[in-house]
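The following exercises concern the protein model shown below.

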Amino acid sequence: MRVSNLAAAAASAALLAAPPAWADVTPEQVWGDLEAYLASFGYAVTAEESRSGDTLTLTDMTVRMSFPEDEGEMTVMLEQMALRDQGDGTVALDLPTTLPVRISIAPTDEETVDLTLDYTLDGMEMIIAGDPEDMTYVYSATSMAVVLSELVVDDETIPSDNAAAQISAGPVGGETRITLAEGMRSISQQLSLGTVSYDVLGSDPEGDGAGMLAGTLEGVSSDSTTELPEAVSSETMNDLLRAGMTVDATTRYTAGQSRFTMTEDGQTTSGETSSRGGSFALKMSQDALDYDLRALGMSVDLTTPEMPFPITAQMDEMRLGLMMPVGASEEPVDAAAKLTLAGFTTSDMIWSIFDPMGILPRDPATVAIDLAGKVTPSVDLLDPEQIEALDGQTPPGELNALTLNNLTIEAAGAQITGEGDFTFDNTDLQSFDGMPRPEGALSLKLSGANGLIDNLIQMGLVSDQDAMGARMMMSMFAVPGSEPDTLNSTIEVNEQGHVLANGQRIK
């Protein structure tokens with residue numbers, strides 16, 4: 001499913017789980033707004049409408065989306081929902097306690113998948129207020145849940161013993177405001193899901209393969225703002241972004257736990273994970289796609305047939321950030337990548353495999369990389385046709401500049417730090433064997449290297465001869481620092497393509 005389809009489906013679910021901004025709004029206006037919103041993503045929406053007194057009832061609601069290039073379609077069907085005029089200018093959304101949601105996925109020349117989800121709501125209330133150009137949905141529920149009740153693949157029903165899934169959350173509360181102005185639809189949402197629990201299992205009916213994943217996320221909340229062009233209807237994210245769509249969303253949780261098992265060929269691997277919280281942030285526009293994933297206080301316990309004892313590890317922080325341009329450009333644009341693995345530790349049993357005498361320092365290890373650059377993309381990265389046309393051979397653009405803001409590697413008593421800055425000449429692909437010729441400098445500092453080599457010799461992992469070779473290599477590329485057991489190195493590439501280490505040419 002495309003990113004746009006996932007975004008629309010998630011927003012629709014929020015509205016269904018979605019008292020008050022004030023003016024008058026009617027049930028028909030609320031329904032029209034929802035129809036227009038789904039249509040902006042390329043969905044075809046139909047429903048039987050009937051008005052009785054103060055209530056507009058929608059039955060056999062169908063949301064259909066065709067896959068590009070005649071690759072099939074996906075259909076979502078909801079049996080009933082009602083919009084009730086409360087007589088004070090607001091509208092209440094009434095849903096059955098249990099709402100079956102039927103989804104049919106029929107890609108061309110592939111397996112068809114039909115599934116039914118039982119969507120349950122306990123104590124749900126939703127009030128819509130405002131006017132047709134400024135509506136606010138305020139909602140709450142004691143709990144909500146989605147359960148897979150039926151799965152049919154190519155007309156064959158899969159037993160629940162072989163495929164089951166459910167997710168629940170509560171207490172639920174939030175507010176969604178939708179405004180129309182200057183041809184744009186703005187959707188601002190604050191949502192709290194309380195504790196989210198999930199449980200998924202599957203097994204091969206014709207074999208012994210099976211798997212299970214279950215867990216909880218506590219204190220789940222999110223804030224998001226989405227801008228959509230009113231006049232554009234498209235099923236591709238690339239077209240929507242070109243028309244001015246933007247997304248700025250952050251989801252957070254305060255703690256998480258999970259457990260899993262996987263069985264294959266009679267061998268079972270199982271494990272548990274936990275964390276003290278984290279977040280996922282996403283920004284998207286026609287200029288760039290920006291991800292930021294973070295988890296704190298992570299812990300992993302893994303039992304596998306390949307190891308005679310459990311594997312345990314902890315990490316203070318894991319963070320991954322990525323910013324990249326989305327559309328083609330004739331001028332260099334910003335890009336960035338960040339990775340942090342901080343405070344990694346593992347059990348003494350793992351250490352004892354390669355260091356039974358406890359010679360190496362067992363301080364927490366850290367890897368941190370922070371890169372920023374300039375690139376000139378030649379294709380729209382969210383357009384599958386343009387990516388496919390590259391055929392895996394042509395690069396999707398040019399690298400123009402790269403800055404290493406920070407490099408830190410700490411482990412086993414040694415540390416490497418560094419920073420650097422390079423530009424790239426894309427007209428010279430000969431000097432560095434097909435790579436654009438760089439020009440700039442990289443500064444590195446290495447501490448504790450000789451102590452680490454001495455420890456490896458004592459452990460029997462490195463011979464005296466190999467250690468001598470390593471020390472000679474370091475002396476070629478580095479000079480002693482001002483502190484004991486430290487080395488400094490500056491690697492430069494000049495405009496002639498010469499490579500120098502501390503002023504001495506090595507290429």
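## Exercise 1: Salt bridges

Arg437 counts as buried because its relative accessibility is 11%, where buried means under 20% relative accessible area, exposed over 50%, and partly exposed in between (1.4 Å probe, protein chains only). The model is predicted: local features need pLDDT of at least 70, side-chain atom pairs count only at pLDDT 80 or more, and totals for chains, interfaces and linings use all residues. Residues are numbered from 1 along each chain as its sequence is written, and side-chain values use heavy atoms, with hydrogens and water left out.

**Solution.** 

Step 1. A salt bridge is a side-chain nitrogen of Lys or Arg within 4 Å of a carboxyl oxygen of Asp or Glu. Helices (H or I, at least four residues) and strands (E, at least two) are DSSP runs, numbered from the N terminus. Asp425 is partly exposed, because its relative accessibility is 25%.

Step 2. Salt bridges with shared partners also join Asp348, Asp355 and Arg362 into one network.

Step 3. Asp380 and Arg242 form a salt bridge of 2.4 Å, N to O. Asp380 lies in the loop between strand E22 (365-377) and helix H5 (384-389), and Arg242 in helix H3 (residues 237-242), so the pair ties together parts that are 138 residues apart in sequence. Asp380 is buried at 2% relative accessibility, whereas Arg242 is exposed at 53%.

Step 4. In the whole structure, a search finds 15 salt bridges. One of them joins Glu28 and Arg51, whose closest N and O atoms are 2.6 Å apart. Because Glu28 lies in helix H2 (residues 27-39) and Arg51 in strand E1 (residues 44-52), the pair ties together parts that are 23 residues apart in sequence. Glu28 is partly exposed, with a relative accessible area of 34%, and Arg51 is partly exposed at 42% relative accessibility.

## Exercise 2: Surface patches

**Task.** Identify which residues form the negative surface patch and which make the nonpolar one.

**Solution.** 

Step 1. Patches are made of residues with over 30% relative accessible area and no salt bridge: like charges are joined within 9 Å, and nonpolar side chains (Val, Leu, Ile, Met, Phe, Trp, Tyr) within 5 Å. Lys and Arg count as positive and Asp and Glu as negative, while His and the chain ends are not counted. The place of a charge is taken as NZ of Lys, CZ of Arg, CG of Asp or CD of Glu.

Step 2. The negative patch is formed by Asp109, Glu110, Glu111, Asp154, Asp155, Glu156, Asp204, Glu206, Asp208, Glu264 and Asp265. Glu110 is placed in the loop between strand E5 (98-107) and strand E6 (113-122) and is exposed, with a relative accessible area of 56%. Asp265 occupies the loop between strand E16 (255-264) and strand E17 (267-275); its relative accessible area is 63%, so Asp265 is exposed.

Step 3. Phe280, Tyr291, Leu293, Leu320 and Leu322 make a nonpolar patch of about 390 Å². Strand E19 (288-303) and strand E20 (311-325) are the elements that give two or more residues to this patch. Leu322 belongs to strand E20 and is partly exposed at 35% relative accessibility.

## Exercise 3: Ile416 and the whole chain

**Task.** Which residues does Ile416 touch, not counting residues up to four places away in sequence? Summarise also the protein chain as a whole.

**Solution.** 

Step 1. Ile416 is located in strand E24 (residues 414-425) and is partly exposed at 31% relative accessibility.

Step 2. With contact meaning heavy atoms within 4.5 Å, Ile416 touches Leu407, Thr408, Ile409, Lys445 and Leu446, once residues up to four places away in sequence are set aside.

Step 3. The C-alpha atoms of Ile416 and Val76 are separated by 54 Å, and the two residues are 340 residues apart along the chain.

Step 4. The protein chain contains seven helices and 29 strands, and 37% of its 507 residues count as buried. The C-alpha trace spans about 90 × 55 × 45 Å along its principal axes. There are 22 positive and 81 negative side chains, and the centres of the two sets lie 9 Å apart.

Methods:
Accessible areas come from the Shrake-Rupley method with a 1.4 Å probe; for residues, only the protein chains shown count as cover.
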